[in-house]
Amino acid sequence: MKIPKTFQLAGIVWKVVETDAISDMGHCDSEAATIRLRSDLSAQVKQATFCHELQHAIRYMAGETDHDEKEVDQQGNLLHQFLTTWK
């Protein structure tokens with residue numbers, strides 16, 4: 001699975017940035033339309049983290065600001081499995 005450098009949600013262009021400046025595995029910044037991924041993660045963990053943060057971005061763009069982390073984890077994990085196993 002290739003992680004995009006940019007993508008669009010609801011007409012907004014989002015950036016995906018790898019960084020050493022965060023302690024969490026990833027972060028979704030809705031105001032900057034940016035997903036940050038920690039650069040030292042393995043490829044598989046980085047992909048799973050991207051799918052998790054993408055779920056946050058989708059919720060922000062749908063107008064939701066209070067995210068249930070359990071639901072975000074579940075849907076992110078299912079999306080990651082789908083994207084890495086479909087043929």
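Let's start with a definition: a residue is buried under 20% relative accessible area, exposed over 50% and partly exposed in between, with a 1.4 Å probe and only protein chains counted. The model on your screen is predicted, so local features need pLDDT of at least 70 and side-chain atom pairs count only at pLDDT 80 or more, while totals for chains, interfaces and linings use all residues. Residues are numbered from 1 along each chain as its sequence is written, and side-chain values use heavy atoms, leaving out hydrogens and water.

**Stop 1: the whole chain.** Switch to a cartoon view and trace β-β-β-β-α-α along the sequence, that is, 2 helices and 4 strands (DSSP runs numbered from the N terminus: H or I of at least four residues for helices, E of at least two for strands). Buried residues make up 34% of the 87 residues.

**Stop 2: Arg-36.** Select Arg-36, which is partly exposed at 26% relative accessibility. Its side chain meets that of Asp-29 in a salt bridge, 3.5 Å from N to O. The term means a side-chain nitrogen of Lys or Arg within 4 Å of a carboxyl oxygen of Asp or Glu. The whole structure holds 4 salt bridges.

**Stop 3: Arg-38 and Asp-40.** Here the closest N and O atoms of the salt bridge are 2.6 Å apart. Asp-40 is exposed, at 56% relative accessibility.

**Stop 4: Glu-18 and Lys-46.** Show these two side chains to find a salt bridge of 2.9 Å, N to O. This pair links distant parts of the chain, 28 residues apart: Glu-18 sits in strand S2 (residues 12–19) and Lys-46 in helix H1 (residues 43–61). Glu-18 is partly exposed at 43%, whereas Lys-46 is buried at 10%.
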